[in-house]
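Subject: Structure for you to look at

Hello,

Here is the structure I said I would pass on. Please open it first, then read the notes under it.

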Amino acid sequence: MAKKTDARGVIYLACTECKERNYTTSKNRKNDSQRLELTKYCPRCRAHKPHKETK
Ligand SMILES: [Zn+2]
């Protein structure tokens, strides 16, 4: 099997307004005690909203 997935590094970014998961990203495990929060465009809200890390 050649497929190798490091699931621990993958996170979702969910809109704090509508809870829609709009983005997937990965992060370094050395920082994984902190919750990521980024301002991203939400297509459902049709505006830039803060997106928080979720699983
Ligand atoms: Zn939204």
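What pattern does the protein follow when read along the sequence? The pattern is β-β-β-β. Please keep in mind that this is a predicted model. The protein has four strands and zero helices.

How the strands are arranged

The four strands form an open sheet in the order S2-S1-S4-S3, and the pairing is antiparallel. S2 and S3 are the edge strands, since each of them pairs on one side only. From one strand to the next, the twist averages 40°.

Two of the pairings can be followed by residue. S1 (10–15) and S2 (21–26) run antiparallel and are joined by five bridges.

Two loop residues

Two residues have a backbone angle worth a look. Lys19 sits in the loop between S1 and S2. Its phi is near 65°, which is a positive value in a residue other than glycine. Is Lys19 buried or exposed? Lys19 has 10 other C-beta atoms within 10 Å, and the cut-off for exposed is 12 or fewer, so Lys19 counts as exposed.

Because Arg46 has 8 C-beta neighbours inside 10 Å, it is classed as exposed.

The protein as a whole

How much of the protein is buried? Buried residues make up 9% of its 55 residues. A residue needs 20 or more other C-beta atoms within 10 Å to be called buried.

The last point is about contacts between residues at least 6 apart in sequence. Of these, 47% join residues at least 24 apart.

Regards

How values were computed:
Residues are numbered from 1 along each chain as its sequence is written. This is a predicted model: local features need pLDDT of at least 70, side-chain atom pairs count only at pLDDT 80 or more; totals for chains, interfaces and linings use all residues. Two residues are in contact if their C-beta atoms, placed from the backbone, lie within 7 Å. Two strands pair if DSSP finds at least two bridges between them. Axes are lines fitted to C-alpha atoms, for helices over the stretch in contact, and angles run from 0 to 180 degrees between N-to-C directions.
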